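Dear colleague,

I am handing over the structure below, and after it you will find notes on what was found.

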Amino acid sequence: MTALTNVVSSVLMLVGALFCLLAGVGVLRFPDAICRLHAAAKAQTLGVVLILLGTELQVSVKFAWALLLVAVFQLITVPVTGQVVGRTAYRTGEIYRPGLVMDELADRLAADARRESGEPAEPREDAQERGNG
Amino acid sequence: MNVVFALTLIMLSVSALLTLVRLVRGPSVLDRIVSLDVLVTLIVSALAVHVAANDAGRSVPLLLVLALLGFIGSVTAAHLVGEREDIR
Amino acid sequence: MTLRYLVQPLWLLLLWLMLWGSVSAVVLIGGLAVVIAVRAAFRMPAVDLRVTLRPLRLIGLFWHLLIQLVSSATSVAWAAIRHGGHVPAAVMEVPLEEDSDVIIAATVFFTAMSPGSLVLEIDRERRVLYVHGLPAGTRAEAERRRRSVRQAERATVSALKEAPKEAPK
């Protein structure tokens, strides 16, 4: 184990741990579940991947592949957790509305509800046309 | 190198503490699911540091299992919350 | 038997080899047995793989992904420190152009990786994603996030799908 790999893996680990720490701050401070999910999905994921890469340099090749798998799993599971938790959070009303600048999903759901109850669809449509253009 | 490991573990512990506060405070089940997910990932990170520090390659399968369990756990729990609230 | 049917078993075998971290006759034969057993026990639906891989673009995409992950983690960490409990957010509607499961899944993945956006809901029938942007203080910022999701889709398409003019025949 050369000095160079030690330095590189130290930097990776420390930066990774810093991102984990900031993710913890985000989870604690953000106003609703979906925002906290952002901290978990990005900062925490980058943190754990960096730490795993740092570890990668310190272990023998035999275990390096399995560690790489852990990092890959962490990465590919992010969008799935994000979508499942995010969708449930939105649908159960766990969203901090005062913090929202715009909410086009609410518009869409309202339009759907109107259509199902047989009322004519109206002004919202042009807003959606603009979105398509 | 030992200083680096110690610093890393300290930062991870502080983060785990912050996450624990959120876990206790909630307020909703989903907040707790997110904090638990983060907590499991923090444990995975700390285990990775242990692997590096003690050359404990044998603990790698543990990492793999924890990472997958954390994912499956949070997705299942979130799904159950959705079912209970009868969405769609 | 085209390559399509071999993708899944080969991936499973590779996974097995990575778990063991070595390639010996025992591991290889054991892996083959496990793959066959898993395939027999769990009938997985065939993935709609009507896409063409372009390796060079794919590598470029992964490099892009790495940079994206770093910048998105930085932006969310900064938001946690700067805004904390009063972070402004937005939910945007992003219509997609492609109608392939693989491309939509990849787009969702890259959106989750790109700074400040997370997919909340996938409307598969209408081919629309609903994206949560954070931080998004103004409408202009939200529009910028919307554009970046579209860009993610285009990048995915350019890596996974052959342009019509380059297609054989």
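Chain B carries 6 positive and 6 negative side chains, with the centres of the two sets 6 Å apart; Lys and Arg count as positive and Asp and Glu as negative, with His and the chain ends not counted, and each charge is placed at NZ of Lys, CZ of Arg, CG of Asp or CD of Glu. Please bear in mind that this is a predicted model, in which local features need pLDDT of at least 70 and side-chain atom pairs count only at pLDDT 80 or more, while totals for chains, interfaces and linings use all residues. Residues are numbered from 1 along each chain as its sequence is written, chains are lettered from A and ligands numbered from 1 in the order in which they are written, and side-chain values use heavy atoms, without hydrogens and water.

Chain B has three helices and zero strands, counted as DSSP runs of H or I with at least four residues and of E with at least two, numbered from the N terminus. Its radius of gyration is 16 Å, well over the 12 Å that the globule rule gives for 88 residues, so chain B is more spread out than a compact globule; the radius is taken over C-alpha atoms, and the rule is 2.2 Å times the number of residues to the power 0.38. Along the principal axes, the C-alpha atoms of chain B fill a box of roughly 50 × 25 × 15 Å.

Of the 88 residues in chain B, 50% are buried, meaning under 20% relative accessible area with a 1.4 Å probe and protein chains only. Leaving aside neighbours within four places in sequence, Leu30(B) is in contact (heavy atoms within 4.5 Å) with residues including Ala33(A), Val85(A), Ala78(B) and Val81(B).

Best regards
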